[in-house]
Amino acid sequence: MAKRPPNIFVFMSDQEQAQVVKKGHPCVSPTAEKLAEEGLLFDRCYTPTAHSCPARGCYFTGLYPSVHKVFNNVCNAPKIHGTFDPAVKMFSENLRAAGW
């Protein structure tokens, strides 16, 4: 039987500061703190957009909103576009193709 590649776990929280997972922060989040201690923690991250959905789109595609076509949050009435451009691939699709 072929050896399976290791699991990849992506944890994205919304609407909180990065400092929340640091010891001594007044916001108590033991599960997030444990993940930060035992996993890989990025402490210098920047977002290409202020809206959550397009920012996640950038993370999962490596592209700017002008390319992946999600311009604002998609679960609201004034959404501009509700899905990715069909030609855009997410990194999870590339991982699947590589055996994950």
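1. Buried residues account for 19% of the 100 residues in the protein. The model is a predicted one. Its accessible surface comes to about 8,200 Å². Carbon and sulfur atoms hold 58% of that surface.

2. Next, the secondary structure. The protein has four helices and zero strands. Read from the N terminus, the order is α-α-α-α. Helix H1 covers residues 30–38. Helix H2 spans 52–61. Helix H3 takes in 65–68, and helix H4 takes in 91–97.

3. Overall dimensions come next. The radius of gyration is 16 Å, whereas a compact globule of 100 residues would have one near 13 Å. Along the principal axes, the C-alpha atoms fill a box of roughly 45 × 40 × 20 Å.

4. How far along the chain do contacts reach? Take the contacts between residues at least 6 apart in sequence: 29% of them join residues at least 24 apart.

5. Charge is worth a look. The protein carries 11 positive and 8 negative side chains. The centres of these two sets lie 7 Å apart.

6. Which residues of helix H1 are buried? They are Ala32, Glu33 and Ala36. These three sit on the same side of H1, because they cover an arc of only 100° around the axis. The general rule is that an α-helix has 3.6 residues a turn, so residues three or four places apart point the same way.

7. The other face of H1 has its own set. Pro30, Thr31, Glu37 and Glu38 are exposed, and they lie on the face turned away from the buried side.

8. Glycine 39 deserves a check. This residue lies in the loop between H1 and helix H2. Is glycine 39 buried, exposed or partly exposed? Its relative accessibility is 46%, so glycine 39 counts as partly exposed. Phenylalanine 9 is 30 residues away from glycine 39 along the chain, yet their C-alpha atoms are separated by 9.4 Å.

9. Look at the backbone of lysine 69 too. Its phi is near 75°. That is a positive value in a residue other than glycine. Where does lysine 69 sit? Its place is in the loop between helix H3 and helix H4. Lysine 69 has a relative accessible area of 30%, which means that the residue is partly exposed.

How values were computed. Residues are numbered from 1 along each chain as its sequence is written. This is a predicted model: local features need pLDDT of at least 70, side-chain atom pairs count only at pLDDT 80 or more; totals for chains, interfaces and linings use all residues. Side-chain values use heavy atoms; hydrogens and water are left out. Helices (H or I, at least four residues) and strands (E, at least two) are DSSP runs, numbered from the N terminus. The radius of gyration is taken over C-alpha atoms; the globule rule is 2.2 Å times the number of residues to the power 0.38. Buried means under 20% relative accessible area, exposed over 50%, partly exposed in between (1.4 Å probe, protein chains only). Contact means heavy atoms within 4.5 Å. Accessible areas come from the Shrake-Rupley method with a 1.4 Å probe; for residues, only the protein chains shown count as cover. Lys and Arg count as positive and Asp and Glu as negative; His and the chain ends are not counted. The place of a charge is taken as NZ of Lys, CZ of Arg, CG of Asp or CD of Glu. The arc is that of the directions from the helix axis to the C-beta atoms.
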